[in-house]
Amino acid sequence: MTILVTGGAGFIGSNFVYMLLEERPDSKTICVDELTYAANIHTLNDAMSYDNFVFYKEDIRNREGINEIFGKEHPDVVVNFAAESHVDRSIENPAIFLETNIIGTAVLMDACRKYGIERFHQVSTDEVYGDLPLDRPDLFFREDTPIHTSSPYSTSKASADLLAVAYHRTYGLPVTISRCSNNYGPFQFPEKLIPLMINNAINDKPLPVYGEGMNVRDWLYVKDHCYGILAVLEKGKAGEVYNLGGHNEKANIEVVRIILSELGKPETLITYVTDRKGHDQRYAIDPSKAMTELGWAPTTMFRDGIKLTIQWYKDHMDWMQECTSGDYLKYYEKMYGNRQ
Ligand code: NAD
Ligand code: TDX
């Protein structure tokens, strides 16, 4: 079995690559990644030593380059993680989100049609359902919840989902889609809430909380997400959508306080800043379909996962420094410099 993973030098994709190398040693894992700002090639250092791992630096929007890789490797399964993934960046510059997340997905699915595959899996997000009100804790996203997006990012992801469903219906492409809640864990780029707050707290820098910090996210440890995708690949049905999440809802301010407490840092570092435009209130996944039909269930509770995550970043400050040098400083200044 040859499995082609796009975006495998990023956060979730790299965790998926390592899971495959460990859990499916008889398979060949091909990673295709353009290595944007969000990737760190050193993340794949250990993977590079495996004989059954191959890395291609390629842009999923480049039809010729993608077709060449498919023609050479003939993947049986394609898992598409490659994306522009940060909501704040999508608010600043939507265009690249449309190109990578929509056009890039189409280029990959066209290659799948041309060369033939057993499965194309689209890694999607709970953000395609929009948000839930804070005062209705009884509501959850189900697979039949209407698509109702808020940001250019979530809109680009929803568009890719619709295209994948269309390729299934029109061309019979064996497509599956998983929609996951917020991930956390090793190798997450420090523009996202948890690694950004860990990095700032370690360096005694202010922790910028948007608005009042009351927005709720449903946190899933990244390894649980990876096993969920593997379950969809091996037990899921073509044409189906599966929600992945673990009922670990937390308000942002609660997450920030836990990080400070774990690191022994004072709450005076918390700084409330201008809210995100169009900020989604609450995400909450109902994962019962994946649990019943795939036998999947998350195994890491937030209280344990956050400790593992903080420890990982403390042990990998060299990795963090690689991510936060150069352009990151400009990004940070632009996004947070004048934000009060
Ligand atoms: P990430 O930003 O950490 O990684 C994205 C990877 O894609 C990077 O390695 C980048 O170099 C690569 N990439 C970007 N554009 C590319 C292009 N044109 N061609 C080839 N490679 C390209 O993202 P992540 O957090 O690991 O998210 C992975 C996927 O999971 C995304 O599709 C995202 O929408 C989805 N998702 C993420 C979360 C989350 O909490 N992070 C939750 C649900 C779903
Ligand atoms: O500095 C910050 N301060 C802050 O209060 C940052 C970076 C974030 N926040 C808030 C905004 C959100 O309510 O924290 C929450 C989480 O923010 P992000 O880490 O940017 O994630 P989110 O916008 O929820 O989207 C994430 O989950 C779904 C991923 O980035 C997406 O790729 C995924 O699809």
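Predicted model: local features only at pLDDT ≥ 70, side-chain atom pairs only at ≥ 80, totals over all residues.
1. Taken alone, ligand 2 exposes 650 Å², of which the protein buries 94% (Shrake-Rupley areas, 1.4 Å probe).

2. The shell around ligand 2 holds 21 residues, the closest being E127, Y153, R276, H279 and Y336, where a residue belongs if one of its heavy atoms lies within 4 Å. Strand β8 (207-210) and helix α6 each supply at least two residues, and β8 gives the most, with three.

3. In helix α10, F302, G305, I306, T309, I310, W312 and Y313 are buried (under 20% relative accessible area, 1.4 Å probe, protein chains only). Because these residues cover an arc of only 160 degrees around the axis, they sit on the same side of α10, the arc being that of the directions from the helix axis to the C-beta atoms. The face turned away from that side carries R303 and D315, which are exposed (over 50%).

4. Local features need pLDDT of at least 70 and side-chain atom pairs count only at pLDDT 80 or more, while totals for chains, interfaces and linings use all residues. Residues are numbered from 1 along each chain as its sequence is written, chains are lettered from A and ligands numbered from 1 in written order, and side-chain values use heavy atoms, leaving out hydrogens and water.

Conventions:
Helix = DSSP H or I, 4+ residues; strand = E, 2+ residues; numbered from the N terminus.
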